[in-house]
Amino acid sequence: MDKNSRTYSKDNNQLREIEFGSYTLTTEDHQYEIHIPDKEYFEKHQKFSNQYLNDTHTWVKAFNSTDQLKGVNYITLFGWTVNSGYGTSYGYTILDGQPVVILANGEGKWTNQVYWKTPELAKKHKDQDFDKLITES
């Protein structure tokens, strides 16, 4: 992956990194394969074998949000075999003239992290208030 796909957030005095690939998301702890689900498949298969669950444990399903929240469109990722919940959402926007990724959780897309293109930008903006964009649960 090239460095243009990496973003950084300065949170609790720790620099956190995420990296997006064409069909992957890599966090500090995990790498996930992003898949677009076939709705009919999940309607037919309500239970999955242990082998299937093991084989797909790094898969996530992605949904594109149709509603903007504070001017940001999000994609939401869920565990591959998860039937309910709110998932984790990632949005893209421009702040201070820089492209950023917003991390949001829950039904209300409560956001509290902004990921910047470089560690230097993350450190520079770590105390900046983006009330117009960020909401906390």
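Q: How many helices and strands does the protein chain have?
A: This is a predicted model, so local features need pLDDT of at least 70, side-chain atom pairs count only at pLDDT 80 or more, and totals for chains, interfaces and linings use all residues. Residues are numbered from 1 along each chain as its sequence is written, and side-chain values use heavy atoms, leaving out hydrogens and water. Helices (H or I, at least four residues) and strands (E, at least two) are DSSP runs, numbered from the N terminus. Going by those runs, the protein chain has 3 helices and 9 strands.

Q: Which way do S5 and strand S6 (residues 74-79) run, parallel or antiparallel?
A: Two strands pair if DSSP finds at least two bridges between them. Strand S4 (residues 31-35) is joined to S5 by 3 bridges, and these run parallel. On the S6 side, Val-60 stands opposite Gly-79. There, 5 bridges join S5 to S6, and the two run antiparallel.

Q: What is the bridge partner of Glu-33 in S5?
A: Glu-33 also touches Val-60, with contact meaning heavy atoms within 4.5 Å. Its bridge partner in S5, though, is Trp-59.

Q: How many residues make up the largest nonpolar core?
A: A nonpolar core is a set of buried (under 20% relative accessible area, 1.4 Å probe, protein chains only) Ala, Val, Leu, Ile, Met, Phe, Trp, Tyr and Cys residues joined through side-chain atoms within 4.5 Å. Ile-18, Val-60 and Leu-103 are among the members of the largest one. Strands S2 (14-20), S5 (59-64) and S8 (98-105) each supply at least two of its residues. In all, the count is 11 residues.

Note on methods: Buried < 20%, exposed > 50% of the residue type's maximum accessible area, 1.4 Å probe, protein only. Lists of a residue's contacts leave out its neighbours within four places in sequence.
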